[in-house]
Amino acid sequence: MGPEEITFYDLARAPPSKCWSFNPWKTRLLLNYKQIPYTTTFLEMPSIATHHASLSIPANNHSSSTLLATPYTVPLLKLPAHHHSNPGASDKYIMDSAAIARELETLFPEPALRQDTPAQQKVEALWPQIMRIIGPAILPGITKLLSSPSVEYFISTREAAFGVKISDYDSPQAVEKAWEDVKPLLVELGEVLNAKGGPFVEGMEVTYADFVLVSIMVFLERASSGHKGAVERFIDVDGCFGRLWEACTGWMERDD
């Protein structure tokens with residue numbers, strides 16, 4: 001038996017178990033890009049706090065501007081002791097996709113993946129604005145995606161965060177209006193992606209900014225309801241999104 005693999009804690013959904021949520025996708029794309037061996041454990045939303053607290057993981061310190069301030073979140077990574085240079089080190093747990101990305105880049109520097117670029121900061125600044133507009137319209141789709149233990153928890157927490165009733169957005173008209181309203185922000189995203197000619201944000205060099213952007217797209221694609229998928233809607237705004245999606249396809253293949 002070989003050394004213990006990294007454990008990646010992801011967000012559960014109804015079978016089949018597949019990665020679907022924004023923040024876990026950022027970590028999964030990074031693991032896949034660097035070809036780091038890992039196993040996945042899927043957690044139901046109501047069990048995350050109890051699970052993480054049992055491991056003495058410090059709670060998130062959110063800013064007051066955070067849309068959904070949750071003390072315990074996924075992704076969570078368990079790094080077995082053999083990944084540390086300190087003799088006798090114990091397993092290490094890291095929560096939060098940004099912290100995970102920095103740690104993985106330190107432990108697995110090849111292939112390199114630049115982080116915290118100005119373009120990444122622009123993408124990350126646009127995402128909360130996009131979510132405030134499109135979020136309510138994708139909530140009904142997410143309730144259909146989740147397994148039963150998570151549905152009630154999801155509805156109560158998201159209705160409180162967005163200040164809406166999810167049932168009010170479960171209509172084709174609400175979905176279409178949200179996508180129309182969010183188009184100016186997607187145009188801004190396209191400008192970031194086009195700035196250096198593509199297919200990646202930095203031109204021919206893949207960076208973590210690309211994984212943030214693709215995670216937005218795959219999350220909205222899997223959460224979407226209606227006659228048209230999210231990726232198609234992005235491409236309708238600017239073909240650069242299709243070129244990025246195609247360039248990252250190989251790193252999206254493993255989603256379980």
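Reply: The axes of helix 4 (residues 118-145) and helix 5 (residues 148-162) come within 11 Å and cross at roughly 160°, where axes are lines fitted to C-alpha atoms, for helices over the stretch in contact, and angles run from 0 to 180 degrees between N-to-C directions. The two helices are therefore roughly antiparallel to each other (angles under 35 degrees count as roughly parallel, over 145 as roughly antiparallel, 65 to 115 as roughly perpendicular and the rest as oblique). This is a predicted model, in which local features need pLDDT of at least 70 and side-chain atom pairs count only at pLDDT 80 or more, while totals for chains, interfaces and linings use all residues. Residues are numbered from 1 along each chain as its sequence is written, and side-chain values use heavy atoms, with hydrogens and water left out. Helices (H or I, at least four residues) and strands (E, at least two) are DSSP runs, numbered from the N terminus.

On the side of helix 4, the contact (heavy atoms within 4.5 Å) with helix 5 is made by Met131, Arg132, Gly135, Pro136, Leu139, Ile142 and Thr143. Helix 5 contributes Val151, Phe154, Ile155, Arg158 and Phe162 to this contact.

Helix 6 (residues 172-194) and helix 8 (residues 230-237) form another packed pair, with an angle of about 50° and axes 10 Å apart, and these two helices are therefore oblique to each other. Their contact draws on Val175, Glu176, Trp179, Lys183, Leu186, Val187 and Leu189 of helix 6, which meet Ala230, Arg233, Phe234 and Val237 of helix 8.

Aromatic rings take part in the picture too, for the structure holds 10 aromatic pairs (rings of Phe, Tyr and Trp, the last by its six-membered ring, with centres within 6.5 Å; planes under 30 degrees apart count as stacked, over 60 as edge-to-face and the rest as tilted). One of them joins Phe22 and Trp127 in a tilted arrangement, at 4.6 Å centre to centre and 40° between the planes. Phe22 lies in helix 1 (residues 22-33) and Trp127 in helix 4, so the pair ties together parts that are 105 residues apart in sequence. Both Phe22 and Trp127 are buried (under 20% relative accessible area with a 1.4 Å probe and protein chains only; exposed is over 50%, partly exposed in between). Trp179 and Phe234 form a further pair, which is edge-to-face at 6.3 Å centre to centre, with 75° between the planes. This pair links distant parts of the chain, with Trp179 in helix 6 and Phe234 in helix 8, 55 residues apart; Trp179 is buried, as is Phe234. Phe22 and Trp127 also belong with Trp20 and Phe219 to one aromatic cluster.

Leaving aside neighbours within four places in sequence, Glu205 touches Arg114, Phe200 and Asp210. The C-alpha atoms of Glu205 and Arg114 are separated by 9.1 Å, although these residues are 91 residues apart along the chain.

Apart from neighbours within four places in sequence, Tyr93 is in contact with Tyr9, Leu55, Ile57, Leu76, Leu77 and Lys78. The C-alpha atoms of Tyr93 and Ser56, which are 37 residues apart along the chain, are separated by 9.3 Å.
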